[in-house]
Amino acid sequence: LRWIILFSLLFVFLSSQGLLFLLTARLLTLLHVMFTLLLQNRECGLTKPVTFQQIETFRRVDQLVYRGSDIRLSRDGNSRGRGIMDMDLEQNESRYLLCGGTNGSVQIYDVHWTQQQIPTIASETTAHNSSISTVQWYPHDSGMFTTSSDDKTVKLWDTNAMISIDTFTFRYPIYCTDMSMSIKRSLIAVCGESNFIILIDIRTGASSHTLGLNGSNRGPITVLKWSPRNDNYLISGDNFGNLRLWDVRYTKCQLHLFKRVYSDSSINSAHRSSLTSLLFSNDGFRLISKGKDDLVIWDADHYNLINNLNLNNIQFRSDIAITPINQQSSHLVKMSVSRTDPELLFVPIHCDIASIDVTTCTVWQCLQSAHMFPVNSCAFSSTMQILFTGGYDHKILPWGPKVDTRTYY
């Protein structure tokens with residue numbers, strides 16, 4: 001409190017003396033000189049290429065702005081009224097953006113555009129009979145992808161022919177699917193309005209086995225994520241805020257139940273409410289779980305809580321749009337993480353996106369005033385340092401680095 005009062009008095013004094021603008025200008029000049037020296041050191045070989053790449057990449061990601069005036073997504077006649085439910089950007093080239101809509105349609109965009117408009121390279125308007133819940137590329141090849149929907153089906157698609165090559169039908173709407181990163185283990189984990197997880201083997205086209213525990217303390221499983229460091233480990237989150245680690249080699253092997261201690265409650269689950277998103281850091285050592293109103297970072301090896309953030313404390317604009325009726329408690333959002341040092345996590349919060357430092361769990365930047373309805377999904381391109389966001393306003397918006405027109409030579 002003493003430091004806050006001191007800095008407040010200093011701010012008032014500088015503002016009254018007209019020195020605040022001068023100090024800001026001097027700070028920008030200093031940053032300009034520092035970047036010029038960085039370029040000169042790289043030219044002379046004093047700075048390693050990897051170090052220069054890390055510094056410049058983080059500088060670009062740290063200053064994301066809405067680039068709607070520069071690029072636009074192509075739109076066909078069937079796209080009107082279509083909300084974006086989920087997106088996935090393939091990681092081999094970071095070029096093809098897969099999108100699933102609320103009307104059951106699937107589109108693929110080529111984001112390595114050369115003109116002002118992003119072209120649609122493939123589209124299927126009748127992929128599902130109801131809203132799509134998740135879309136995902138095959139991790140090792142962009143020639144195949146999966147979709148799941150509220151119409152109780154999971155489909156496997158051939159990208160080149162844009163046809164469904166296999167369909168798996170369930171007795172309940174599907175909330176989430178996740179495909180294993182392992183080449184040897186071609187499994188798709190599926191969850192929906194059920195207490196159990198179904199594992200599908202895409203090589204045989206049949207269900208491998210089921211994961212689950214009997215008991216009254218388990219709600220419908222809402223989110224799933226395979227561990228990038230162990231092919232046998234699967235993370236699940238349910239409607240009661242429970243976060244579990246499974247070993248898929250066994251049918252009822254729950255390795256760990258993540259717990260938190262709340263000072264004002266007897267609840268010891270990972271979250272107070274339903275989980276809406278799961279994501280691992282790039283190195284796989286951190287697990288990030290999101291509830292309705294909080295974000296938690298876990299140690300993926302020792303299952304300990306590292307840090308947490310109350311999302312209600314993030315200050316956004318006040319004119320938040322009304323959430324659509326079909327956004328129920330089981331509704332998912334997809335987060336994305338940058339390949340920078342430090343890593344930045346992009347989290348959809350209502351109509352805006354928060355950029356959060358994964359290491360310290362602090363808010364780095366707030367991307368706002370672009371979407372008119374809640375954002376459902378984020379996809380980050382590590383090659384172009386551009387973030388794509390999609391939501392109920394049937395828009396996919398690009399956020400890129402600020403254009404720097406200054407001359408450094």
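First, the ground rules. Residues are numbered from 1 along each chain as its sequence is written, and side-chain values use heavy atoms, with hydrogens and water left out. Since the model is predicted, local features need pLDDT of at least 70 and side-chain atom pairs count only at pLDDT 80 or more, while totals for chains, interfaces and linings use all residues.

Now the chain as a whole. There are 3 helices and 30 strands; these are DSSP runs numbered from the N terminus, helices being H or I with at least four residues and strands E with at least two. Of the 409 residues, 52% count as buried. Buried is under 20% relative accessible area, exposed is over 50%, and partly exposed is in between, with a 1.4 Å probe and protein chains only. The chain exposes about 20,100 Å², and carbon and sulfur atoms supply 53% of that area. The areas come from the Shrake-Rupley method with a 1.4 Å probe; for residues, only the protein chains shown count as cover. On contacts, meaning heavy atoms within 4.5 Å: among those between residues at least 6 apart in sequence, 49% join residues at least 24 apart.

Next, the rings. The whole structure holds 6 aromatic pairs. Rings of Phe, Tyr and Trp (its six-membered ring) pair if their centres lie within 6.5 Å; planes under 30 degrees apart are stacked, over 60 edge-to-face, and the rest tilted. One of the pairs is Trp137 with Phe145, edge-to-face at 5.6 Å centre to centre and 75° between the planes. Trp137 has a relative accessible area of 3%, so it is buried, and Phe145, at 0%, is buried as well. Phe145 also pairs with Trp157: the centres are 5.9 Å apart and the planes are at 5°, so this pair is stacked. Trp157 is buried, like Phe145.

Staying on β10, we come to Thr153. Why does Thr153 count as buried? Because its relative accessible area is 10%. Its side chain makes polar contacts with the side chains of His128, at 3.1 Å, and Asp151, at 2.6 Å. A polar contact is a pair of N or O atoms within 3.5 Å; within protein, one must be able to donate a hydrogen and the other to accept it, and residues adjacent in sequence count only if both atoms are side-chain atoms. Leaving aside neighbours within four places in sequence, Thr153 touches residues including His128, Thr147 and Ile174.

Which strand does β10 join through 6 bridges? It is β11 (residues 163-169), and the two run antiparallel. Strands pair if DSSP finds at least two bridges between them. The bridge partner of Thr153 in β11 is Thr169. The hairpin of β10 and β11 has 4 residues between the strands, and Met162 there takes a positive phi near 55°.

Last, Ser273, in the loop between β19 (254-258) and β20 (277-280). Ser273 counts as buried because its relative accessibility is 17%. A polar atom of its side chain lies 3.5 Å from the backbone nitrogen of Lys292. Not counting residues up to four places away in sequence, Ser273 touches Asn239, Phe240, Gly241, Lys292 and Asp293.
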